[in-house]
Amino acid sequence: MAPRGATSIASAFHEAQLSFAKHRKCVETLQAARASAKDVDAWDDEYFACVQCVLPIYKREAAAERVVEFVVRFATQHGGEADVDEHFVEKLCGRLLALSGHREKAVRFRVIQLAGRIMNQMAEEAEVSDELFEAIEKTMLQRCRDKVPLVRAWALKGLFRLQDPSQPGDAITAELLRLMCEDNAKEVRMAAISTVAPSKHAIRAIMLRTRDSCAEVRLHALGVLRDKVEMRWLSISQRVNLLEGALLDRTPSVAAACAEMLAGGWLRKGCDNDVLALLRALDAVAHERVPNERA
């Protein structure tokens with residue numbers, strides 16, 4: 001026999017899949033229902049049973065994505081305000097991670113997507129156990145070697161808050177850099193470019209992706225460099241080599257993105273619209289012609 005409140009849980013999930021606008025009300029309804037439940041464990045079992053309904057859906061259908069968003073919001077918010085219930089989060093993530101090695105690719109994808117997004121969207125001050133952090137790290141690193149590109153892409157996104165680029169031997173940063181340079185799927189390389197925290201090694205790796213064989217990856221790398229990397233963080237040689245390759249890119253959108261970075265980012269933000277300052281930053285005289293060296 002289903003526990004009291006099971007109907008309200010199913011109803012909330014039904015409403016949540018119809019519209020993002022319904023999410024806040026549905027979250028508040030379920031939070032109140034859980035708070036008043038006589039048997040919280042039974043309530044959580046019924047909740048997870050509803051979560052499981054979205055796990056076999058591999059296609060990025062709108063209804064499924066709305067349910068994913070709802071589950072993440074419920075786990076990371078309380079009554080519409082940031083206030084994580086650490087016990088609930090640990091229980092939910094534990095159940096999800098237990099399915100991370102499932103034989104069905106859809107289940108692996110959704111499990112990694114949900115657990116990773118919950119981890120990344122929790123407030124900075126939220127406290128979770130070291131055991132959960134370790135379990136997330138271990139699982140995500142394992143799925144970074146999944147045979148399905150979409151699973152690998154979401155696994156590395158799930159490592160975002162766990163990386164420590166200040167440590168030279170950080171295993172997570174090393175894995176992100178490996179995927180960025182070696183993975184044969186463009187979506188994985190792009191996800192790695194977006195996820196890795198800027199550091200000396202990461203910036204050098206991202207710059208190499210501006211010469212990737214795929215135009216989408218080159219364009220994405222330029223966008224990340226424009227948005228996350230200040231010109232002053234690059235050596236003069238790196239600046240010049242970046243411009244030399246990207247401004248002459250065979251794909252017009254890539255060349256245009258480089259021009260936008262140069263004019264809108266480096267000139268306006270880095271040099272306060274001072275053209276002479278930009279020329280000095282590029283050492284234009286010494287680099288009238290630059291050899292095609294690696295960044």
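Guide: A residue is called buried under 20% relative accessible area, exposed over 50%, and partly exposed in between, with a 1.4 Å probe and protein chains only. By that rule, 48% of the 295 residues in the protein are buried. The structure is a predicted model, in which local features need pLDDT of at least 70 and side-chain atom pairs count only at pLDDT 80 or more, while totals for chains, interfaces and linings use all residues. Residues are numbered from 1 along each chain as its sequence is written, and side-chain values use heavy atoms, with hydrogens and water left out.

Visitor: What makes up the secondary structure of the protein?

Guide: Helices and strands are DSSP runs numbered from the N terminus (helices: H or I, at least four residues; strands: E, at least two). The protein has 15 helices and zero strands. Its C-alpha atoms fill a box of roughly 80 × 40 × 35 Å along the principal axes.

Visitor: Why is Arg34 called buried?

Guide: Arg34 has a relative accessible area of 12%, and is therefore buried.

Visitor: What makes the pair of Asp85 and Arg34 a salt bridge?

Guide: The term requires a side-chain nitrogen of Lys or Arg within 4 Å of a carboxyl oxygen of Asp or Glu. The closest N and O atoms of Asp85 and Arg34 are 3.1 Å apart, and the pair counts as a salt bridge. It links distant parts of the chain, 51 residues apart: Asp85 is in the loop between α4 (62-76) and α5 (86-97), and Arg34 is in helix α2. Asp85 counts as partly exposed because its relative accessibility is 33%.

Visitor: How do you know that Asp212 and Arg189 form a salt bridge?

Guide: Their closest N and O atoms are 2.9 Å apart, and the pair is accordingly a salt bridge. Asp212 lies in the loop between α11 (200-209) and α12 (215-228) and Arg189 in helix α10 (residues 186-195), so the pair ties together parts 23 residues apart in sequence. Both Asp212 and Arg189 are buried.

Visitor: What makes Glu260 and Arg226 a salt bridge?

Guide: The closest N and O atoms of Glu260 and Arg226 are 3.8 Å apart, and the pair forms a salt bridge. The two residues are 34 apart, with Glu260 in helix α14 (residues 252-270) and Arg226 in helix α12. Glu260 is partly exposed because its relative accessible area is 45%, and Arg226 likewise counts as partly exposed, at 32%.

Visitor: Which residues do salt bridges that share partners join into one network?

Guide: That network consists of Arg34, Asp41, Asp44, Asp85 and Lys91. The whole structure holds 24 salt bridges.

Visitor: Why is Arg24 called partly exposed?

Guide: Arg24 has 46% relative accessibility, so it counts as partly exposed. Arg24 lies in helix α2 (residues 23-36). Its C-alpha atom is separated by 8.7 Å from that of Phe74, 50 residues apart along the chain.

Visitor: Which residues make the nonpolar surface patch of about 280 Å²?

Guide: Patch residues have over 30% relative accessible area and no salt bridge; like charges are joined within 9 Å, and nonpolar side chains (Val, Leu, Ile, Met, Phe, Trp, Tyr) within 5 Å. Val275, Leu276 and Leu279 make this patch of about 280 Å². Leu279 lies in helix α15 (residues 275-282), and its 41% relative accessibility is why Leu279 counts as partly exposed.

How values were computed
Accessible areas come from the Shrake-Rupley method with a 1.4 Å probe; for residues, only the protein chains shown count as cover.
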